[in-house]
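This briefing goes with the sequence and the 3D structure shown below. Please keep both open while reading, and look up each residue and element as it comes up.

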Amino acid sequence: MQAPDLDRFSSRRSTVYGQRGVVATSQPLAAQAGISVLEDGGNAFDAAVATAAALNVVEPTSTGLGGDVFACYRTADGDVGAMRSCGPAPADATIENVREAVADDQDVAPENAEMPDTGPHTVTVPGTARGWEATVERLGTQDLGELLQPAIRYATDGYPVTEGIASAWDHGEELFEDDNARDAYLFDGASPDVGQEVTLPKLGRTLQRIADEGADVVYEGDVADAIASEVQSHGGFLTTEDLADFEPEFLDPVSTTYNGAEVYELPPNNQGLVALEALNVAAELGAGEHPLGSPDSTHYFAEAMKLAFHDGHHYITDPEFEDHPPLASKEWAAERAGAVGDTCNDGVSFGVPGANAEDADTVLLCVADDEGNVVSFINSRFAGFGSGLVAGDTGIALQNRGSSFSLDPDHPNSLEPGKRPFHTLIPAVAKLGEDDWAAFGVMGGYMQPQGHVQVVSNLVDHDLPLQAALDQARWRYREDGSLAVESSFDSHTAAKLARRDHDVALLPSDLFGGAQIARNQQGTLSAATEPRKDGNAQGY
């Protein structure tokens, strides 16, 4: 195989190395919060929770207490595991009830109503607070209250807003309609400018309540009352009983091997099986044997991705409500690879689990420590500030993850009481070699499994350094059937893909995901961060 020209893939960033620990995420102040925990003797899981909490404050456009949290990890003892903390639809959220509630707003008959993108009916039970607490109690070494202190300081003392986050904040001006929401996240009715020093005192007070009283205050106390009251005041069905019944889960990840590496993802209701099926189909096609960034490589990976999306979006749902076929098996991949030829296959549809999640964004952080722990940790409200609802004076912006449900009873992701929605979030871990573990992920709606496949191939097929693996120009298969590439993508390759009948579209780089990675390679700690985001990787 031709060796890649690393100069093509270099950026102004370099892979970061550390002796005791590394943290990579999308906002520098949040990364610093995680590093400070490691410096104080905490482990990777403690640092992950502190970083995630800080991101709730310094990147509130993508994450918050009103959302969900997931983790995929490898512990110092050698255990590979996952944590899922995402809540279900309310007990009274039947298709019939929601259809009746939204029909007038949509100006249709109830039987023709569709799941809205925002509003009270898109709010599912938030998993964040109990997910943080469960992570620390099971895997960490420090007290949750101490780990929340950096976030509380940023919320009460203030911080300057970075460029990408300032741009993302603009949508709050249109989304937030209630006074309590606008008071919590807008400043004289406007989103903040780049570099503007802001405080989020309401959110800070709630974080302090959690620090003092534990996560139960969000699910059983007056904060829970405020969340349920907010949703019900807008016509939604969430109750304090729905909140109190929620508990996080620790579960076994799903995995496959790819060119000697073992890749671990979260099982359904997350879309991890999409990434694993795509890797298996790509391996069957020999996609990684072609030169990096070549027309053949891109074509076969994209076609593998298309098949995996078709299958995943048809079958993946809450496993307590419906089973799925063995999408991550080599046998399934061998059968599906037969559908791929030398040109674009127009006979395979993307499929959509519910509302449009194509360009939703969130936050990801990865941490590795010198004990041998590596963790990929994700918090999200789904789309930006979420549903548009902020719970009373708590500063908690509530997620719109329920918009991934369908009001079609025959749809795999049809709305049902107590059912968890299809989740795009997929933290991942990979064993790249002997005593060589990496925690990674690529955020951004349906970009996530596509980003996983590309980063894994860059590392495994082409042995790129961590930062170069994230810097490489990306492609993504779109819901409309087009194959999008970013501006740094080779124009000659794009032209050759068009001659293979791909509908090639040029899109801005901010639509190609937000990757982070942390690695422990036989005791050497390293990390890299997404050049398309505001963040950084830090080590000590």
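## Helix α3

Helix α3, which covers residues 44-58, has 15 residues and reaches 20 Å from its first C-alpha to its last, close to the 21 Å expected at 1.5 Å a residue. The model is a predicted one, and the points below are grouped by topic.

- The N-terminal end of α3 is capped by Asn43, which has a side-chain oxygen 3.0 Å from the backbone nitrogen of Phe45.
- An α-helix has 3.6 residues a turn, so residues three or four places apart point the same way.

**An open sheet of three strands**

- The strands follow the order β14-β15-β16 in an open sheet of three strands, and the pairing is mixed.
- The edges are taken by β14 (475-477) and β16 (504-507), each of which has a single partner strand, so one side of each is left without a neighbour in the sheet.
- From one strand to the next, the twist averages 30 degrees.
- Strands of a sheet pair through backbone hydrogen bonds, either parallel or antiparallel.
- β14 and strand β15 (residues 483-486) run antiparallel and are joined by three bridges, and Tyr477 has Leu483 in β15 as its bridge partner.
- Helix α16 (residues 295-315) packs on this sheet, where it touches β14 and β15, and its direction makes about 35 degrees with that of β14.
- β15 and β16 run parallel and are joined by four bridges, and Val485 has Leu506 in β16 as its bridge partner.
- A right-handed β-α-β unit is made by β15, helix α20 (residues 491-499) and β16.

**The loop between α20 and β16**

- Arg500 is found in the loop between α20 and β16, and Asp501 lies in the loop between α20 and β16 as well.
- Is Arg500 buried or exposed? Arg500 has a relative accessible area of 18%, so this residue counts as buried, the cut-off being under 20%.
- When its neighbours within four places in sequence are left aside, Arg500 is in contact with Asp296, His299, Tyr300, Asp342, Thr343 and Cys344.
- Asp501 counts as partly exposed, because its relative accessibility is 48%, and its phi is near 75 degrees, a positive value in a residue other than glycine.

**Strand β2 and its two partners**

- Five of the five residues of strand β2 (residues 21-25) are buried, so this strand is largely enclosed by the rest of the structure.
- Gly21, Val23 and Thr25 point one way from β2, while Val22 and Ala24 point the other way, and all are buried.
- With strand β10 (residues 363-369), β2 pairs in the antiparallel sense over five bridges, and Thr25 stands opposite Leu365 in β10.
- With strand β19 (residues 536-539), β2 also runs antiparallel, joined by four bridges, and the bridge partner of Val22 in β19 is Gly539.

- Ser526 is found in strand β18, which covers residues 524-529, and it is buried, with a relative accessible area of 5%.
- Which residues does Ser526 contact, leaving aside its neighbours within four places in sequence? The contacts of Ser526 are Thr15, Val16, Tyr17, Val22, Leu466, Ile517, Ala518 and Arg519.
- One of these contacts, Val22, belongs to the residues of β2 described above.

**Backbone details in other loops**

- Most residues other than glycine have a negative phi, and most peptide bonds are trans.
- The peptide bond that joins Pro268 and Asn269 is cis, with omega at about 20 degrees, and Asn269 lies in the loop between β9 (261-265) and α15 (272-285).
- Asp463 has a positive phi of about 55 degrees although it is not a glycine, and this residue lies in the loop between α18 (447-460) and α19 (466-471).
- Asp463 counts as exposed because its relative accessibility is 64%, and the cut-off for an exposed residue is over 50%.

Technical notes: Residues are numbered from 1 along each chain as its sequence is written. This is a predicted model: local features need pLDDT of at least 70, side-chain atom pairs count only at pLDDT 80 or more; totals for chains, interfaces and linings use all residues. Side-chain values use heavy atoms; hydrogens and water are left out. Helices (H or I, at least four residues) and strands (E, at least two) are DSSP runs, numbered from the N terminus. The expected span of a helix is 1.5 Å times one less than its number of residues. A polar contact is a pair of N or O atoms within 3.5 Å; within protein, one must be able to donate a hydrogen and the other to accept it, and residues adjacent in sequence count only if both atoms are side-chain atoms. Two strands pair if DSSP finds at least two bridges between them. Axes are lines fitted to C-alpha atoms, for helices over the stretch in contact, and angles run from 0 to 180 degrees between N-to-C directions. Contact means heavy atoms within 4.5 Å. A crossover is right-handed if, with the strands pointing away from the viewer, the path from the first strand over the helix to the second runs clockwise. Buried means under 20% relative accessible area, exposed over 50%, partly exposed in between (1.4 Å probe, protein chains only).
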